[in-house]
Amino acid sequence: MQANPTLLENLINNLIVNAVRHNRQDGQIRITVTKEHFTVSNTSSEPALDQRLIFNRFYKPSGEDSKGNGLGLAIVKSICLYTAGK
């Protein structure tokens with residue numbers, strides 16, 4: 001993969017911070033890297049995020065007021081689109 005190292009670091013950092021921030025206490029985080037995919041997942045007990053809104057800026061599930069500002073995944077999407085030339 002060719003990418004700007006600073007943007008790639010930001011992308012990975014945002015995904016890992018989200019996985020940590022939204023995990024349960026004593027939960028696990030799994031990072032999987034293959035030739036075609038990079039996946040970060042956790043064992044959160046929170047409900048899944050709304051697939052239609054997950055990459056919108058400032059999106060936070062209702063009732064959530066203390067975990068981040070809702071920009072992390074929007075930044076990840078922007079970096080992916082920029083890196084892909086879209």
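Mentor: Let's go through the overall layout, then a helix, then the surface.
Mentor: This is a predicted model, where local features need pLDDT of at least 70, side-chain atom pairs count only at pLDDT 80 or more, and totals for chains, interfaces and linings use all residues. Residues are numbered from 1 along each chain as its sequence is written, and side-chain values use heavy atoms, with hydrogens and water left out.

Trainee: How many helices and strands are there in the protein?
Mentor: There are 2 helices and 2 strands, and along the sequence they run α-β-β-α. Helices (H or I, at least four residues) and strands (E, at least two) are DSSP runs, numbered from the N terminus.

Trainee: And what share of the residues counts as buried?
Mentor: Of the 86 residues, 19% do. Buried means under 20% relative accessible area, exposed over 50%, and partly exposed in between, with a 1.4 Å probe and protein chains only.

Trainee: Which residues of H1 are buried?
Mentor: In H1 those are Leu11, Asn14, Leu15, Asn18 and Ala19. They sit on the same side of H1, because they cover an arc of only 130° around the axis; the arc is taken from the directions from the helix axis to the C-beta atoms.

Trainee: What do the buried residues of H1 pack against?
Mentor: They pack against S1, strand S2 (38–42) and helix H2 (72–83). Contact here means heavy atoms within 4.5 Å.

Trainee: And which exposed residues are on the face turned away from the buried side?
Mentor: That face of H1 carries Pro5, Thr6, Glu9 and Val20.

Trainee: Switching to the surface, which residues form the nonpolar patch?
Mentor: Val20, Ile29, Ile31, Val33 and Phe38 do, with about 430 Å² of accessible area together. Such patches take residues with over 30% relative accessible area and no salt bridge, joining nonpolar side chains (Val, Leu, Ile, Met, Phe, Trp, Tyr) within 5 Å and like charges within 9 Å. The areas come from the Shrake-Rupley method with a 1.4 Å probe, and for residues only the protein chains shown count as cover.

Trainee: Which strand gives the most to it?
Mentor: Strand S1 (residues 29–33), with 3 residues. Ile29 lies in S1 and counts as partly exposed because its relative accessibility is 37%.

Key
Salt bridge = Lys/Arg side-chain N within 4 Å of Asp/Glu carboxyl O.
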